[in-house]
Amino acid sequence: MKKSFLQSLGPGLLFAGAAIGVSHLVQSTRAGAEFGFGLIWALLLVHLFKYPFFQYGPRYAAATGETLLDGYKKLGKGVLVAYYILNFATMFTIQAAVTIVTAGLASQLFGFTNDLVVWSTVLLVISLLFLVVGKYKLLDNLMKYIIVILTISTLIAVAVALFSTKEAFDVTQIIPSGTVELTFLVAFLGWMPAPLDISIWHSIWSIEKDKTKLARTKVTEALFDFNIGYISTLFLGICFLLLGAFVMYKSGETFSNKGGVFAGQLIALYTRNLGEFSYIFIAIAAFTTMFSTTITTLDASPRAMHRTSKILFQKELKYGYWFWILFLCFGTLLILKYYMNNMGLLVKTATILSFLTAPFYAILNYKLITGKHTPKEHQPGIYLRILSGVGILFLVGFSLWFLTNI
């Protein structure tokens, strides 16, 4: 029974693996450290309002047997061209932000060198070999265990921190003001729980899952799988925010923008509560989480670019997927060469870009799932449609508010 349950999960946990990375380990922890419990409202709202648009990825794939990219083409070639340009403009920054955090953790865990560009190169090469050898199936299987390890270790750390703290809880919610705080809020929302274009990745992984099991996933199965992954991202997002609040809020300690230093501070959050004996376990859990995110993003963006190129140009380049992976690796290392000492700026840039492009993906996903290209019986009900409308207003309104207040 247990084995069957684990086997039934797949793309939903890949979604969680891609999401539970920088947004949780970096942004949620920092939110708790700087605002205490004050941004819980933002975390809950963004999960609620982004939910429909993430769900429409696996829903559309299960209902039609094709990816969201195929659906975008049906909405008009211009839509797919716009995605192609947006994805090309953001994928290097996203990969760089994820990789530099992983490199910082690797330098703390393994030593060897403190040069994060060297570590980033090593990690990208290992990730590349991982994808060459294991492809989707190995990625799918590995993620199930990584999420379990991270959840257990994080839950223990939060519980110990909760019972160890002597400070009174202040659950007053905060509306950030000023350019610096507002910029952080938008960056926090941008990747919480993930950029909306991961819905496209999810639809691609769903099709790959069907290929490996040689059967079409039912819509109900796809939604169950997605909900497990999505609930995991919400739960762990709250845990990391609480951890930052319990351990660092009003402590006078601030997170560094340098990847290696930040990684050390992050691991110290756990070991300070669980004891030095837990250092290796916690460091490995944090590292494997970020490494899994590095691999999933390195796999997903090239898959998306390769698929988009095939649909747009009606011609499949034989090694197109590998071309895009190598191109992404090269571009990522180029960015890291210039940003290696300012991880904070790199993460902030990537997350803000993701937030500002979120309305684009939200509108497209809603239009596609409620239109003629999705069978009526698999379209969302009235409550999900209402939530989608409110979600679009939230994403557009927040983006406009940010642009007029910076």
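**Exercise 1. Work out how α3 passes α10 in this predicted model: is the crossing left-handed or right-handed, and which residues of the two helices meet?**

Solution, step by step.

- Handedness. In this predicted model, the crossing in which α3 passes α10 is right-handed.
- Geometry. Helix α10 covers residues 219–248, and α3 packs against α10 at an angle of about 45°, with the two axes 7 Å apart.
- Naming the arrangement. Angles under 35 degrees count as roughly parallel and 65 to 115 as roughly perpendicular. The angle of about 45° therefore makes α3 oblique to α10.
- Finding the partners. From α3, look for H24, L25, S28, T29, A31, G32 and A33. In α10, these meet T233, L236, G237, F240, L241, G244, A245 and M248.
- Sorting them. The contact of α3 with α10 holds 8 nonpolar residues, 7 polar ones and no charged ones.

**Exercise 2. Describe the packing of α4 and α8: at roughly what angle do their axes cross, and why are the helices called oblique to each other?**

Solution, step by step.

- Locate the helices. Helix α4 is made of residues 40–64, and helix α8 of residues 179–190.
- Read the angle. Their axes come within 10 Å and cross at roughly 40°.
- Draw the conclusion. With that angle, α4 and α8 are therefore oblique to each other.
- List the contact. On the α4 side you will find W41, A42, L43, V46 and K50, and on the α8 side L185, F188, L189 and G190.
- Classify. The α4 and α8 contact divides into 7 nonpolar residues, 1 polar and 1 charged.

**Exercise 3. Turn to α5 and α12: how far apart are their axes, and how many of the contact residues are charged?**

Solution, step by step.

- Distance and angle. Helix α5 (residues 68–75) packs with α12 at an angle of about 35°, and the axes are 10 Å apart.
- Hand. As α5 passes α12, the crossing is right-handed.
- Contact residues. α5 brings L69, D70 and K73, while α12 brings A304, R307, T308 and I311.
- Classes. The contact of α5 with α12 has 3 charged residues, along with 3 nonpolar and 1 polar.

**Exercise 4. Describe the second largest cavity: which helix supplies the largest share of its lining?**

Solution, step by step.

- Volume. The second largest cavity has a volume of about 40 Å³.
- Lining. Trace L86, T90, I94, P195, D197, L353, S354, T357 and Y361 around the second largest cavity.
- Elements. α6 and α14 (343–369) each supply at least two lining residues. The largest share belongs to α14, with 4 residues.
- Classes. Here the lining splits into 5 nonpolar, 3 polar and 1 charged.

**Exercise 5. Finish with an open space: what is the volume of the second largest pocket, and which helix gives the most to its lining?**

Solution, step by step.

- Volume. The second largest pocket has a volume of about 450 Å³.
- Centre. It is lined by 19 residues, with E208, K211, R303, H306 and E316 closest to the centre.
- Elements. Those giving two or more residues are α7 (116–164), α9, α12 and α13 (320–339). α12 gives the most, with 5 residues.
- Classes. Of the residues lining this pocket, 11 are charged, 5 nonpolar and 3 polar.

Conventions:
Residues numbered from 1 in each chain as written. Predicted model: local features only at pLDDT ≥ 70, side-chain atom pairs only at ≥ 80, totals over all residues. Heavy atoms only, no water. 1 Å grid on protein atoms, 1.4 Å probe; cavity = no way out; pocket = protein on both sides within 12 Å on 5 of 7 lines; lining within 4 Å. Points joined across faces, edges and corners; volume = space filled by probe spheres on them. Nonpolar A, V, L, I, M, F, W, Y, C, P; charged D, E, K, R; others polar. Axes fitted to C-alpha atoms, helices over the stretch in contact; angles between N-to-C directions. Parallel < 35°, antiparallel > 145°, perpendicular 65-115°, else oblique. Contact = heavy atoms within 4.5 Å. Left-handed = near helix turned anticlockwise from the far one by under 90°.
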